[in-house]
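Please read them beside the coordinates.

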Amino acid sequence: MDKESEGARFEMNEKPSNGQALAYFFQPDMAGVWGCLLVGVDDVHKGCIGYPGFAKVEIEPGSRKISFTPNALIKIANLSYDYDFESNKVYYFEYQHFKSKAESKRAVESHYNMLLDYHLGWVLLEESEAINKLKTLKAWQ
């Protein structure tokens, strides 16, 4: 049985505080998954994304390592990327499925899942597109 995110529903974006950057990480439903995906910034867990759901994370500006780790007994990051965040800017990253390697080129970072036979990756979206998708999602807690 899938577990839906139980936290607050997304509300219109907020502005970052104290010169920080603000990032929303979100993903669609994945059948058979009931946990959450931990969002790491420079190897420190900062949030948890449900299936489906989102995490809102404040990030210090500059080049940061962003990682994603299943919240399981053995915590091994399954996808990570470096990204340069700017002060007072809001970012929207969506985890997407791609039918081909060519489609995955628009991702900030992607990988091929041999078991599922498709590519998965994080895509930076424009605010209007992201908000339309986020308004149907909830935070994990």
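**Notes on the predicted model**

1. Four strands make up an open sheet in the order β3-β2-β5-β6, with antiparallel pairing. Strands here are DSSP E runs of at least two residues, helices are H or I runs of at least four, and both are numbered from the N terminus; two strands pair if DSSP finds at least two bridges between them. At the edges are β3 and β6, each of which pairs on one side only. On average, neighbouring strands of this sheet are turned by 25 degrees against each other, direction ignored; axes are lines fitted to C-alpha atoms, for helices over the stretch in contact, and angles between N-to-C directions run from 0 to 180 degrees.

2. On provenance: this is a predicted model, in which local features need pLDDT of at least 70 and side-chain atom pairs count only at pLDDT 80 or more, while totals for chains, interfaces and linings use all residues. Residues are numbered from 1 along each chain as its sequence is written, and side-chain values use heavy atoms, with hydrogens and water left out.

3. The protein contains nine strands and one helix, arranged from the N terminus as β-β-β-β-β-β-β-β-β-α. Within the sheet, β2 and β5 run antiparallel and are joined by five bridges. Val41 stands opposite Ile66 in β5.

4. Of the 141 residues in the protein, 43% are buried (under 20% relative accessible area; exposed is over 50%, partly exposed in between; 1.4 Å probe, protein chains only). The protein exposes about 8,100 Å², and carbon and sulfur atoms supply 50% of that area (Shrake-Rupley method, 1.4 Å probe; for residues, only the protein chains shown count as cover). Among contacts with a separation of 6 or more, 62% are between residues 24 or more positions apart; contact means heavy atoms within 4.5 Å.

5. The largest nonpolar core has 22 residues, and Phe25, Phe68, Phe85, Phe93 and Trp122 have the most contacts inside it. Such a core is a set of buried Ala, Val, Leu, Ile, Met, Phe, Trp, Tyr and Cys residues joined through side-chain atoms within 4.5 Å. At least two residues of this core come from each of β1 (21–27), β2 (37–41), β4 (53–59), β5 (62–70), β6 (79–85), β7 and β9 (118–124). The most is given by β6, with four residues. Another core, of 15 residues, lies apart from it; among its members are Tyr24, Phe98, Ala130 and Leu134.

6. How many disulfides are there? The count is one, taking a disulfide as a pair of cysteine sulfur atoms within 2.5 Å. It joins Cys36 to Cys48, with S to S at 1.6 Å. The torsion about the S-S bond of Cys36 and Cys48 is about 80 degrees, so the disulfide is right-handed. Because Cys36 lies in the loop between β1 and β2 and Cys48 in strand β3 (residues 44–49), the pair ties together parts that are 12 residues apart in sequence. Both Cys36 and Cys48 are buried.

7. Leu120 is in strand β9 and is buried, at 3% relative accessible area. Beyond its neighbours within four places in sequence, Leu120 contacts Tyr95, Gln96, His97, Phe98, Glu109, Ser110, His111 and Asn113. Its C-alpha atom is separated by 9.5 Å from that of Lys101, 19 residues apart along the chain.

8. Lys105 sits in the loop between β7 (90–98) and β8 (109–113). Is Lys105 buried or exposed? Its relative accessibility is 63%, so Lys105 counts as exposed.
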